Amino acid sequence: MFCYQCQETTKGSGCTVTGVCGKDDVTGAYQDALIYLLKGLAAKNISAKKEDQADVGLLVAESLFMTLTNVNFDKAAIWDRITEVTRLRDAIKTDNCPAHDSCTVIFKNEEDILKNVSKTGVLATKDEDIRSLRELLIYGLKGIGAYYSHAAILGQNDKEIELFIQAALADTIRDLTVPDMISKVMECGSMGVKVLALLDAANTKAYGDPEITTVSTVPKNRPGILVTGHDLKDLAMLLEQSKDAGIDIYTHGEMLPAHAYPELKKYPHLAGNYGGSWPYQKEEFESFNGPVLVTTNCIVPPRDSYKERLYTTGLTGFPGIAHIDAKPDGSKDFSVLINQAKTCSPPKPLSSSGPNLITGCAHKAVLSIADTVIGAIRAGDIKRFVVMAGCDGRQRDRAYYTDFARALPQDAVILTAGCAKYRYNYLPLGDIGGIPRVIDAGQCNDSYSLVVIAKALAEAFGVGINDLPVSYNIAWYEQKAVLVLLALLSLGVKDITLGPKLPAFVSPTVLKVLVEQFGIAPNTTIEADMKRLCPA
Ligand code: SF4
Ligand code: SF3
């Protein structure tokens, strides 16, 4: 096994025996085999000029998403994908096949998969820089695949995105030079902006524009169901099915921003948010007492104490954990969770949470108070915005982000999105003339909102995006964050501070490009970073 796709990779270099995330070497080999076959499917499909084949585009996106960190640990589910991808690939007739092994290989069984890891895995590419760029591209594509899958569930499809994913995957088995690969990676960032915009449109069309909303973190005294992950449609279906059941629904982790959408917040039994980000789920799911629905990443290997009330759905999976499948029309039946909830005790209050959290500061909501924000900047009440979007993680050094938020000057405002916010969204940071000092745009994909807000401010002040008093101190963990980072770079954002560690998959040559062309720097100490990011 060799995997270095996430920030927590073993010793900052690569997981080789078993993943820090809990992925074992056999499941890792299944994921490598699936990615390998996807390259062959994409290359064959492109060469056959059948790129617009409806069943291939979405299947490729979803399969990439399945291999993203903390999405699916179930090798049986990955095997089903391997079978389907092989079937679709072999059904394509073309005279121009690139004749790469991935276009023809058949994995008959587990033994076959394990036997072939040296050719399917990351280390099959010998040149360190090409390997780095191929993997960077694939991780960006996993991010696109994830966000595209979310948008497609809500009926938003885009052929250009599907084609790009396939063409870029096919590029990873071509002999491209380092400069060519760098430009592919940048294209991936541009396509990232497109997919983030598509998902923003999908979410707002389905559930309305988010409104700035205060969310309770104090559990009520009825039993509840806890919903985590990013899939708003799952939550919407569950809210509708449970509205008269005498139970409450709570959000967890990346589901917090759901409270801001008019079509979701209209349900009075959407009772609040329980707990924080994914690394704390073992304790939080245990004390929640009721069923927990995991709609997307991040799931971690569960404790026995709550396995019987844990459910996955969509592309998420874990061996031995009940999975709620979609029916052919896309609907899901959550009655098993609802009935189980009625037999459970109410959630136990958590000592760590404050009474309320504020979310829903997406682009429409913030731009509706643009005059106030611009006025506060002109008056010198707000001197700086610091984008602290991204992911949370398990490691102790993430305390840096809490300390950094605390140490910010009173005239600085945090712009955030993603689960990184749980490091500081409970702090009493107050507001500036009614503008919250933590502006939470929503989920990691809502980083798109931060870009829209930054662009609007740049326009209002007649300056470029890098001339605004905006600094970037971004925390990453998995591959959605890789895509968001590439999207920012493609928009010309410079001087991003990235932590808590730089990616292991970035080779020294690629790092040099990131430093010289984009000014990317690792985070260091609070004092040094504060001087750089919040100059007096
Ligand atoms: Fe290791 Fe991260 Fe890969 Fe899991 S996803 S095996 S923790 S690098
Ligand atoms: Fe979090 Fe997994 Fe990345 Fe969506 S839920 S930001 S880590």
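What percentage of the 536 residues in the protein is buried? Buried residues, those under 20% relative accessible area with a 1.4 Å probe and protein chains only, make up 61%.

The model is predicted, and local features need pLDDT of at least 70, while side-chain atom pairs count only at pLDDT 80 or more. Residues are numbered from 1 along each chain as its sequence is written.

**Figure 1. Salt bridge between Lys115 and Asp112.** A salt bridge is a side-chain nitrogen of Lys or Arg within 4 Å of a carboxyl oxygen of Asp or Glu. Here the closest N and O atoms are 3.4 Å apart. Both residues belong to helix α4 (residues 110-115), three residues apart, about one turn of the helix; helices are DSSP runs of H or I with at least four residues, and strands are runs of E with at least two. Lys115 is exposed at 59% relative accessibility, a class that begins over 50%. Asp112 is buried at 8%. Salt bridges that share partners join Lys108, Asp112 and Lys115 into one network.

**Figure 2. Salt bridge between Asp392 and Arg423.** The N to O distance is 2.7 Å. Asp392 lies in the loop between β9 (384-387) and α16 (399-407), and Arg423 in the loop between β10 (412-416) and β11 (431-432), so the pair ties together parts 31 residues apart in sequence. Both residues are buried.

**Figure 3. Salt bridge between Lys501 and Asp397.** The N to O distance is 3.2 Å. Lys501 lies in the loop between β15 (496-499) and α19 (508-518) and Asp397 in the loop between β9 and α16, so this pair ties together parts 104 residues apart in sequence. Lys501 is partly exposed at 36% relative accessibility, as is Asp397 at 32%.

Key:
Chains lettered and ligands numbered in written order. Heavy atoms only, no water.
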